[in-house]
Each structure stands twice: as C-alpha cells, then as structure tokens.
Amino acid sequence: FFILGPGMVRTKIQEQTLRAGARAANYGRVADFMSGAAVNDPKASHQRIYECLLACVAASKEAVGGRNIYVPLDDWSRLEELADRPDVFKLRRAGDAILRRI
C-alpha cells in the first residue's frame, strides 16, 4: 500500500464548491485556485496523477510500500532510490527533500 497525494486538481467537486458560493467553507481557496495559473499547471493535471500512479505500481514494494508520494513535487522517476531508505516519506514525510525537484 502507498498513499498518492495528487495536490489540488480541477474536479467536479471544485465546480460544486464554486456554485455553492459563500456557503462553502473553502470557497475562497477554491475560487483562487480555479481562477489562477494553478489550474493550467502541468504538475496538477489528471494525466500527471495517472503517470505517477503507474510509476508507483511499477516500483518495487520496498520502494513505495507504506509511503506517501506527492504528485506535484516528488520526482517519482527516482522511486527506486527509496528502497534502501525504509523511513523516508513515512510518518509525516520524514526526509521530504530527497526526491523534491525544487
């Protein structure tokens, strides 16, 4: 098992939040996201989430088992580097900087 964190992506639920307006607790955040450049950010696309999922499924159990993989910022082309680091990306993402692109 692993956790795949997709980040903020455009989905039907955001559209419902916008329609709800001020009644929605997170309206401001969603409205800012939907109107900003983040909507077109290739790091936040459904295709990228799918590619990351495929990379995680193809990786060894030692590389991804029990880990939290964050789609927008982790370099999941390097997942196998985690195989010898059993504590990285577990329990509040200890060792975050190891696979970060930025």
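1. Glutamine 14 is buried in this predicted model. Its relative accessible area is 9%, and buried means under 20%, so glutamine 14 falls within that class.

2. Glutamine 14 belongs to helix H1, which covers residues 12–20. Leaving aside residues up to four places away in sequence, glutamine 14 touches Met8, Val9, Val30 and Met34. The side chain of glutamine 14 also makes a polar contact with the side chain of threonine 11, at 2.2 Å.

3. Leucine 54 sits in helix H3, residues 46–58. Is leucine 54 buried, partly exposed or exposed? Its relative accessibility is 43%. Partly exposed lies between the 20% limit for buried and the 50% limit for exposed, which is why leucine 54 counts as partly exposed.

4. Leu54 is also one of the residues in a nonpolar surface patch, along with Tyr50, Leu53 and Val57. Together these residues have about 380 Å² of accessible area.

5. For the protein as a whole, the accessible surface is about 6,600 Å². Carbon and sulfur atoms account for 57% of that surface. The protein has 102 residues, and 32% of them are buried.

6. The fold contains four helices and two strands. Read from the N terminus, their order is β-α-α-α-α-β. Taking contacts between residues at least 6 apart in sequence, 47% join residues at least 24 apart.

Key
Residues numbered from 1 in each chain as written. Predicted model: local features only at pLDDT ≥ 70, side-chain atom pairs only at ≥ 80, totals over all residues. Heavy atoms only, no water. Buried < 20%, exposed > 50% of the residue type's maximum accessible area, 1.4 Å probe, protein only. Contact = heavy atoms within 4.5 Å. Areas by Shrake-Rupley, 256 points an atom, 1.4 Å probe, with all protein chains shown as cover. Patch = residues over 30% accessible without salt bridge, like charges linked within 9 Å, V, L, I, M, F, W, Y side chains within 5 Å. Salt bridge = Lys/Arg side-chain N within 4 Å of Asp/Glu carboxyl O. Polar contact = N/O pair within 3.5 Å; in protein donor to acceptor, adjacent residues only side chain to side chain.
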